[in-house]
Amino acid sequence: MTAGQPLRADPQQRRHGTPALHPSVVPAYPPPESDSEESWVWSQIKAEARRDADAEPALASFLYATVLSHPSLERSLSFHLANKLCSSTLLSTLLYDLFLASLASHPTVRAAAVADLLAVRSRDPACAGFSHCLLNYKGFLAVQAHRVAHVLWAQNRRALALALQSRVAEVFAVDIHPAAAIGKGVLLDHATGVVIGETAVVGDNVSILHHVTLGGTGKAVGDRHPKIGDGVLIGAGATILGNVLIGAGAKIGAGSVVLIDVPPRSTAVGNPARLIGGRKGDDMPGESMDHTSFIQQWSDYTI
């Protein structure tokens, strides 16, 4: 294989060239309780890929090579990430083995990928299906690549982890340090320009829009990046700096600059950010994607 050449589906998996792709009914959402989430999501992805290959022959070979020729989600995801991130110095075969080994040996990484797929499908009205997220959502792909880099970092394979971080930043325009801890059910919506620093922690069921920075103050050392609680929503262009805590269920308005702790279930907006009351109830903005309800409590908001 030529250096940097993308992986191709195993010819032995083809019986007679490109397989016949039969129409299928995409299963209903959400998953039935009798099936595991991973197997259900994978069945959804395959059904959608078959449907799309039948509807658009120009994509049939791509869909076969990336989805339909693989027996599992972990192999399909590894194949796709390897082709996306390969270069003349990071070969697709090396990356495929690397991604697959991490996914196969770490069930929590696989479970987090499934939770991310479910999160994107349920929160983003523009997401046409699970296969659309798997194949085309760079925020989802960047997070999955980061999870593998995080495994490498924990294994003290730090040079490779940093090389993978650099390649992800180059390809997806998402820069997450491999030491950063990312929870499950995470949505990077649009994702371009997201930066997450080395000691940052992002909880479960968090939604982050494009051009968000979770950074340091520029002079601190050690534990110096934000800690984001479960269910937090961070609007586009928000900047959160320093070792500050954003409490569970909090909401950070678009374009805000946050330099201090934000209490749970409260809203911070502006530059510098100020608090706009609190909320009661079970709503978690990271899941509901409710960006604007705080305006009702913002008495000086005018147009």
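The largest cavity is lined by Ala142, Ala145, His146, Ala149, Leu164, Gln165, Val168, Val174 and Ile176. A cavity here is a set of points on a 1 Å grid over the protein atoms alone where a 1.4 Å probe fits but cannot get out, and lining residues have an atom within 4 Å of a point. This is a predicted model, where local features need pLDDT of at least 70, side-chain atom pairs count only at pLDDT 80 or more, and totals for linings use all residues. Residues are numbered from 1 along each chain as its sequence is written, and side-chain values use heavy atoms, without hydrogens or water.

Back to that cavity. Its volume is about 50 Å³, a volume being the space filled by probe spheres set on the points. Helices α7 (138-154) and α8 (158-172) each supply at least two lining residues, and α7 gives the largest share, 4 residues. By class the lining has 7 nonpolar, 2 polar and no charged residues. Ala, Val, Leu, Ile, Met, Phe, Trp, Tyr, Cys and Pro count as nonpolar, Asp, Glu, Lys and Arg as charged, and the others, Gly among them, as polar.

The second largest cavity has a volume of about 40 Å³. Its lining has 5 nonpolar, no polar and 3 charged residues; Glu38, Glu74 and Arg110 are among the lining residues.

Next, aromatic pairs. How many are there by this rule? The count is 1, with rings of Phe, Tyr and Trp (its six-membered ring) pairing if their centres lie within 6.5 Å, and planes under 30 degrees apart called stacked, over 60 edge-to-face and the rest tilted. Trp40 and Phe130 make that edge-to-face pair, at 5.5 Å centre to centre and 90 degrees between the planes. Trp40 sits in helix α1 (residues 37-55) and Phe130 in helix α6 (residues 130-136), so the pair ties together parts 90 residues apart in sequence. Trp40 is buried at 3% relative accessible area, and Phe130 is buried at 1%. Buried means under 20%, exposed over 50%, and partly exposed in between, with a 1.4 Å probe and protein chains only.

Last, cysteines. The whole structure has 0 disulfides, a disulfide being a pair of cysteine sulfur atoms within 2.5 Å. Cys133 is buried, at 0%.

Conventions:
On a 1 Å grid over the protein atoms alone, a cavity is a set of points where a 1.4 Å probe fits but cannot get out, and a pocket is an open set with protein on both sides within 12 Å along at least five of seven lines; lining residues have an atom within 4 Å of a point.
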